Amino acid sequence: MLNTTELKMKIDSLTVFADLKADPVIRSLRILLDSLTISDYSCFVSNLYQTTDDLSGHIRDLALEDDNFYVKSIAAGNEPDAAITEAVKHELQTLEEIASVTSSDMQAILRSNLPECADELYLPSWNTRSLHLAAEFSAKLGRLGETGYGDFAKYTFFRIVDGHITPVTHPDYQRLDQLFGYERERGLIIKNTEALLNGTGASNMLLYGDMGTGKSSTIKAVAAAYANRGLRIVEVKKNQLFQIPEIMDELASNPLKFILFIDDLSFAGNDDNFSALKAILEGSISGCSSNTAIYATSNRRHLVRERASDRMAGGGFDDDLHLNDTLQETMSLAARFGLTITFQKPDKDEYLSIVRSLADEYGLIMEDEELFRRAEAHAIRRNGRSPRTARQFIELLKAGI
């Protein structure tokens, strides 16, 4: 027979896994154990049904996804105190007990308090199954370098919102096998990324080139491809660059590897963000956190926009006693990236090869002569040849436009 009083006290005593008490399912179960009323029973089942009818699976997911202080300590390479480790052992047993509460046991207790006329009252049920939480939790701790914890275990793409690293629940990206052309450039990015994952000295990287050549798409595709090896990507907007040191500090003890992704990078001459990024890029990647690297894209080889008036009297530099040094500083930011990869617009043969590959991917059947003629005409209308132009052309053909 289920001992409701004992289970209530065990739930109340959760300490390492204390945050789980705020979960709607556990919270409503705790209320039910106290009241043993039909109303609270239905509330508990309703909360469970919001996601599943499997109580055991729900509790399992909560326990394995909880990013409590014990998990973070292990992830940082620390050895928790023996008392805390012992508490984890007992709390996992408590969570197994919660996960094993059956609807039939709970219904029997409720019906014992109901009048005989309520015997035929329908009470909704849920499913339970056997768990081995201690073994699964131990295995999870051993894989933190690949799986991460908390949101980092559930998502690959992140961005900065109000100073906080926030998951992107529905990211827009292409797979590596959906990108065509630029094999050499993509190979360099993959090689540098593998160096980051292996801890063998990755470089901060700048991808420079024409619009639509696949710079951003390649970075996102590489991040997705290596997610199962512990790679995550955090997008940082230009006006958030000053936050990068704090972001690196926050991620430093995380066992995963991170790409800090800056898209479409360029500055005005008097932009404070220029100085922030320059300071961050000083020295090699080893000067930063060893588990992070900055990947930036830009359509400009010189990242600082410089006007002719800047070099003339009244243009802003005319009173600079060391004008040449200032100009050199604004032009040298790109050189501070350890690796610069250029994405040039494809020539005709490369462009048509991309078109043919995309047509095959989309299952589009058309003779090369007609396909290529129409692809070239589309490129003329759409600012020249590029992988983006090729994909847009194929998508329009596929849609019958």
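**Helix packing in the predicted model**

The secondary structure of the protein comprises 18 helices and seven strands, as assigned in a model that is predicted. Of its 401 residues, 45% count as buried, and among contacts between residues at least 6 apart in sequence, 76% join residues at least 24 apart.

Helix α6, formed by residues 82-99, contains 18 residues and reaches 26 Å from its first C-alpha to its last, which is close to the 26 Å expected at 1.5 Å a residue. Within α6, the buried residues are Val88, Glu91, Leu92, Thr94, Leu95, Ile98 and Ala99. Viewed down the axis of α6, these buried residues fall within an arc of 160 degrees, so they line one face of the helix. The face of α6 turned away from this buried side carries Ala82 and Ala83, which are exposed. The packing partners of the buried residues of α6 are α1 (4-12), α2 (24-35), α4 (55-65), α5 (69-75) and α8 (133-142).

A further helix pair is formed by α16 (residues 348-361) and α18 (residues 387-398), which pack at an angle of about 40 degrees with their axes 9 Å apart. Because angles under 35 degrees count as roughly parallel and those from 65 to 115 as roughly perpendicular, α16 and α18 are oblique to each other. The crossing of α16 and α18 is right-handed, and the contact is made on the α16 side by Tyr351, Ile354, Val355, Leu358, Ala359 and Glu361, and on the α18 side by Pro387, Thr389, Ala390, Arg391, Phe393 and Ile394.

Notes:
Residues numbered from 1 in each chain as written. Predicted model: local features only at pLDDT ≥ 70, side-chain atom pairs only at ≥ 80, totals over all residues. Heavy atoms only, no water. Helix = DSSP H or I, 4+ residues; strand = E, 2+ residues; numbered from the N terminus. Expected span 1.5 Å × (residues − 1). Buried < 20%, exposed > 50% of the residue type's maximum accessible area, 1.4 Å probe, protein only. Arc of directions from axis to C-beta. Contact = heavy atoms within 4.5 Å. Axes fitted to C-alpha atoms, helices over the stretch in contact; angles between N-to-C directions. Parallel < 35°, antiparallel > 145°, perpendicular 65-115°, else oblique. Left-handed = near helix turned anticlockwise from the far one by under 90°.
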